[in-house]
Amino acid sequence: MSSNPAARRRPTHRKGRPTLTRESVGRAALDFLDHHGPAELTMRSLAADLGVSPRALYNYVEDRRDLLTVAAELFESEWRPPELESGRWRESLRAYCRALRAHYRSHPGMTTLALTENITMARHPAMLRNVDTLIGFFEAVGLSLPDAYRACMETIRLVAGFVELQDIVYDRPPAHVDPADLAQFPPPWLRPKDPENSEGSGSSNASEGPEPVGDLPHLTRLGELEPDSPDTLFAFSLDILVEGIAARAAQPGE
């Protein structure tokens, strides 16, 4: 037997196909989510994507939930946050949030999937260390420990929510959304329907129809402005977060 450890390593490919491992199966699940919706990720669909039988995957993960757990752990382990500097905390927090947004966007749908499937990503040591560091950062800024924890959670919610509710529509428009509609301001779903172009229900009972919208002066004025890009909206959200934390830190006591 050879004493060279490299000689005993498992081959990376076998018969022209990548050799499966628990980590590579989880990685494949993350890659699958880059091109498909979370609901489409099943053991069978992933096996087809890898060119293996579904039974082959069960040699490495117990079931779909275990598969998602491995994928979530890989997702968290990849996050390398920028250094947080309390001396220039406003700029530092903005940079942190921008980097976290880019991380969430790298695998869209993973956060929502983990929440809906009750996969606890916080168990990963990297996640625990990152959360602990962020809490310490907010405490150094001047928040009490309870408020530092709240600010940490609000930061994560803001970024994850923005990516899952705002960015994903632009990054991967749903089938029912015309990408051209995203360039309108306000978007079509914030405009009243044109009665002349609306399809009638055929009923003469007015009470069964939608309630009249009436005047919408502010939404109408918005139509005269240039639409905001997701980056502009995200910068606004960060301004609200940063100024809210600054106001809270300036308050005496908890």
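A: In this predicted model, Arg101 lies over the face of Phe234, at 4.7 Å from the ring centre; a charge sits over a ring if NZ of Lys or CZ of Arg is within 6 Å of the ring centre and within 35 degrees of the ring normal. Residues are numbered from 1 along each chain as its sequence is written, and side-chain values use heavy atoms, with hydrogens and water left out. Because the model is predicted, local features need pLDDT of at least 70 and side-chain atom pairs count only at pLDDT 80 or more, whereas totals for chains, interfaces and linings use all residues.

Turning to rings that face other rings, a search of the whole structure finds four aromatic pairs, where rings of Phe, Tyr and Trp (its six-membered ring) pair if their centres lie within 6.5 Å, and planes under 30 degrees apart count as stacked, over 60 as edge-to-face and the rest as tilted. One of these pairs is stacked, namely Phe75 with Tyr104, at 5.9 Å centre to centre and with 25° between the planes. This pair links distant parts of the chain, since Phe75 is in helix 4 (residues 64-77) and Tyr104 is in helix 5 (residues 89-106), 29 residues apart. Helices (H or I, at least four residues) and strands (E, at least two) are DSSP runs, numbered from the N terminus. Both Phe75 and Tyr104 are buried, a word that stands for under 20% relative accessible area, while exposed stands for over 50% and partly exposed for the range in between (1.4 Å probe, protein chains only).

Tyr104 also belongs to the lining of the largest cavity, together with Glu76, Trp79, Tyr96, Leu100, His103, Met127, Asn130, Val131, Leu134 and Ile156. A cavity is a set of points on a 1 Å grid over the protein atoms alone where a 1.4 Å probe fits but cannot get out, and lining residues have an atom within 4 Å of a point. The search of the whole structure finds one cavity of 30 Å³ or more, and the volume of the largest cavity is about 90 Å³; grid points are joined across faces, edges and corners, and a volume is the space filled by probe spheres set on the points. Helix 5 and helix 7 (125-141) each supply at least two residues of this lining. By type, the lining residues divide into eight nonpolar, two polar and one charged, with Ala, Val, Leu, Ile, Met, Phe, Trp, Tyr, Cys and Pro counted as nonpolar, Asp, Glu, Lys and Arg as charged, and the others, Gly among them, as polar.

Two of the lining residues, Tyr96 and Asn130, are in contact with Pro81, leaving aside the neighbours of Pro81 within four places in sequence; contact means heavy atoms within 4.5 Å. Pro81 is found in the loop between helix 4 and helix 5, and Pro81 counts as partly exposed because its relative accessible area is 28%. The C-alpha atoms of Pro81 and Arg98, 17 residues apart along the chain, are separated by 10.0 Å.

Elsewhere in the chain, Glu164 is found in helix 8 (residues 145-171) and is buried, because its relative accessible area is 13%. Not counting residues up to four places away in sequence, Glu164 touches Gly109, Met110, Thr111 and Thr112. Ala28, in helix 1 (residues 22-33), is also buried, at 9% relative accessibility, and Ala28 is in contact with Leu46 and Leu50 when its neighbours within four places in sequence are left aside.

As for the chain as a whole, its secondary structure comes to ten helices and two strands, and from the N terminus on the elements run β-β-α-α-α-α-α-α-α-α-α-α. Buried residues make up 33% of the 254 residues in the chain. Among contacts between residues at least 6 apart in sequence, 69% join residues at least 24 apart.

Technical notes. On a 1 Å grid over the protein atoms alone, a cavity is a set of points where a 1.4 Å probe fits but cannot get out, and a pocket is an open set with protein on both sides within 12 Å along at least five of seven lines; lining residues have an atom within 4 Å of a point.
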